Amino acid sequence: MTYDSAKAAFADWGVDTEAALTKLAGIPISMHCWQGDDVVGFEAKSGSSGGGIQATGNHPGRARTPDELRADLEFSYGLIPGNHRLNLHAFYLDTDQNPDRDEIEFSHFAPWVDWARDQRLGLDFNPTFFAHAKADDNLTLSHPDAGIRDFWIEHGRRSRDIAAQMGAALGSACVNNIWVPDGYKDTPVDRMAPRRRLEASLDAMLATDHDKTQLLDAVESKLFGIGVEACTVGSHEFYMGYAIRKATLLCLDMGHFHPTENVADKLSSVALSVDEILLHVSRPMRWDSDHVILLDDAILQMAQELVSADLLGRTHIGLDFFDATISRTAAWVIGTRNMQKALLRALLAPWDRLKAAETSLDYTSRFVVTEEIKDLPYAAVWAEFCARMDVPLGQTLISELDTYQANVADR
Ligand SMILES: C[C@H](O)[C@H](O)[C@@H](O)C(=O)CO
Ligand SMILES: [Mn+2]
């Protein structure tokens with residue numbers, strides 16, 4: 001079907017495809033650096049703790065250096081329509097020096113900032129509270145040892161400084177997301193003490209005010225992880241309360257809840273109490289397995305909520321998945337495009353009609369319209385978006401992905 005026919009089909013439902021395309025073009029997705037190297041990072045390893053994060057698989061082509069990772073990213077962004085962001089973790093520093101986590105500085109990330117400026121990308125950032133000897137107890141900011149807590153507080157403070165400088169350098173606020181792996185494999189007898197310690201450490205880390213046009217602080221909860229099955233100190237309730245009290249962003253990772261919970265349903269509730277939200281769009285399969293996102297119901301519902309509840313203006317969309325059994329660049333490209341396709345579908349829905357039906361308790365109309373619009377020609381509108389943004393789709397996309405993967409396979 002041609003775009004013009006599709007445009008007319010949507011117009012029949014009162015939907016303006018041009019408005020949807022314009023809106024979609026203005027939604028940046030923060031693509032996570034860690035899909036490119038299986039969450040390994042670029043520092044000399046000093047600990048065994050993976051924080052319960054596991055990338056499984058050994059597909060050829062893992063990026064081993066910052067230059068390789070940037071090359072893979074450039075290729076991937078070239079196949080994703082629109083202007084986007086890169087979400088960098090602190091242990092992806094690019095320097096000949098070997099600073100410990102409590103010694104990192106902006107200069108260690110300057111090559112990333114220069115590159116991001118050249119590529120017209122925004123940057124987001126994360127302190128790295130795992131993969132370090134001082135995290136081997138699965139406790140960092142909530143550790144009973146004040147020396148260990150202070151080490152991680154200093155890392156967190158420095159990460160915020162670096163993120164603020166990134167935001168200033170690029171003229172776009174950098175979201176600095178705090179996630180700690182802290183928890184217990186077996187049932188603790190005291191859940192209050194570690195939570196009090198985590199709260200005090202966060203307060204110390206966040207004590208310095210930064211300009212919100214440069215830095216936005218976010219906190220990320222989790223239900224459980226490998227090795228911390230019995231209790232995660234930074235639970236959803238902990239961080240939801242913290243974010244409301246301290247006016248930080250709340251990060252909702254789609255893999256960090258009970259597998260049957262609908263994370264999309266949380267957006268409107270959370271949005272009544274926090275100004276801004278960070279999403280880690282992911283696909284948990286039975287557990288927090290971080291599979292690459294599909295264009296499935298969970299993602300479609302997430303996009304629908306963002307549009308229906310008018311939350312796009314105060315939600316930062318980040319991705320969080322890592323799969324080492326497939327081409328890493330294909331994972332980035334298809335995963336990010338899936339998020340955009342979901343947003344496009346949501347932007348093409350006849351919301352006024354659906355909401356009117358619901359408000360008047362006409363659930364039959366809501367049901368019929370919801371099902372009938374599934375047959376509308378979304379693919380033609382997506383193809384038009386890709387053509388306008390000069391990125392391929394279909395067989396050409398597949399062939400470009402295959403060629404690149406073949407070129408990096410001997411790494
Ligand atoms: C690498 C990220 O910080 C990490 O995935 C975190 O966001 C998370 O979701 C941990 O389970
Ligand atoms: Mn996450």
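Predicted model: local features only at pLDDT ≥ 70, side-chain atom pairs only at ≥ 80, totals over all residues.
Ground rules. Residues count from 1 along each chain as written, chains are lettered from A and ligands numbered from 1 in written order. Local features need pLDDT of at least 70, side-chain atom pairs count only at pLDDT 80 or more, totals for chains, interfaces and linings use all residues, and side-chain values use heavy atoms, without hydrogens or water.

Start with the metal. Which residues coordinate the manganese ion, ligand 2? Glu220 and Asp320 do, through OE and OD. So do Asp253, through OD, and His280, through ND1, with distances of 2.1 to 2.2 Å. A donor here is an N, O or S atom within 2.8 Å of the metal (3.2 Å for Na, K and Ca); water is not among the atoms, so sites may look incomplete.

Now the geometry. Six donor atoms subtend angles of 71 to 168 degrees around the manganese ion, which makes the arrangement octahedral. That label requires six donors, with opposite ones over 155 degrees apart and all others between 65 and 115.

In sequence, the donor residues follow E-x32-D-x26-H-x39-D. His280 and Asp320 link distant parts of the chain, 40 residues apart. His280 sits in strand β9, residues 277-281. Asp320 sits in the loop between β12 (315-319) and α10 (328-347). Helices (H or I, at least four residues) and strands (E, at least two) are DSSP runs, numbered from the N terminus. Both His280 and Asp320 are buried; buried means under 20% relative accessible area, exposed over 50%, partly exposed in between, with a 1.4 Å probe and protein chains only.

Next, ligand 1. Its surroundings, by a heavy atom within 4 Å, include Trp34, Phe130, Trp179 and His256. The metal donors Glu220, Asp253, His280 and Asp320 are there too. Polar contacts are N or O pairs within 3.5 Å. An oxygen of ligand 1 is 2.6 Å from a side-chain N or O of Lys222. For Asp253 the distance is 2.9 Å, and for His280 it is 3.2 Å. The protein covers 99% of the 310 Å² of accessible area that ligand 1 has on its own, by Shrake-Rupley with a 1.4 Å probe.

Last, backbone. Asn138 has a positive phi near 65 degrees, in the loop between β3 (122-126) and α5 (146-170). Asp310, also not a glycine, has phi of about 55 degrees. Asp310 lies between α9 (297-308) and β12, exposed at 64%.

Technical notes:
Tetrahedral: all angles 85-135°; square planar, octahedral: opposite > 155°, others 65-115°. Polar contact = N/O pair within 3.5 Å; in protein donor to acceptor, adjacent residues only side chain to side chain.
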